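Colleague: I am new to this structure. Please take me through one part of it closely.

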Amino acid sequence: MNEELAELAASGAAALVAAMGTDLWTEAKRLMSGVVARAHGGRRRELSAALELPSTTTRGVVDGEAVGYWTDALVQLLHRNPGLAQDVMALASLRVPRQPDVAVQVNSAAGSGEVFAVQHGNQHFAGGPRSRDSGDGR
């Protein structure tokens, strides 16, 4: 197999796994199902079943083991039928939307201090927090 098809297989696999757990999964699964349906060979049933397994991939995180599995599968499929390249290219062109930037918030209080913090929203109090020094035992 030429190097271009091997790279295409790796790109397709990475796109497929990155789509797991995201809104793009339905489209990625449809595209990969189409590749599997057009493939020749004995792995069709295995690969179809693998697409139905629940994903353990965290949203937007690429699992290296899963990418390896799908890369090997796509390499084999493309080796047997190079005509699948267009379908794999469509899969590889899927782009998972970039996740919002992660914000880190560190809050601390010393002594009898209290921290009331919120991120990306509002915080409302009906009456304010009771003081620990109120002496009422609560």
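Is W70 buried or exposed, and what is its relative accessible area? Please go on from there to what lies around this part.

Modeller: This is a predicted model, where local features need pLDDT of at least 70, side-chain atom pairs count only at pLDDT 80 or more, and totals for chains, interfaces and linings use all residues. Residues are numbered from 1 along each chain as its sequence is written, and side-chain values use heavy atoms, leaving out hydrogens and water.

W70 is buried, with a relative accessible area of 4%. Buried means under 20%, exposed over 50%, and partly exposed in between, with a 1.4 Å probe and protein chains only.

A search of the whole structure finds 1 aromatic pair. It is Y69 with W70: the ring centres lie 5.1 Å apart and the planes stand at 90°, so the pair is edge-to-face. Rings of Phe, Tyr and Trp (its six-membered ring) pair if their centres lie within 6.5 Å; planes under 30 degrees apart are stacked, over 60 edge-to-face, the rest tilted.

Y69 also touches R43. Leaving aside neighbours within four places in sequence, R43 is in contact (heavy atoms within 4.5 Å) with Y69, D72, A73 and Q76. R43 counts as buried, at 16%. A polar contact of 3.1 Å joins the side chains of R43 and E46. Such a contact is a pair of N or O atoms within 3.5 Å; within protein, one must be able to donate a hydrogen and the other to accept it, and residues adjacent in sequence count only if both atoms are side-chain atoms.
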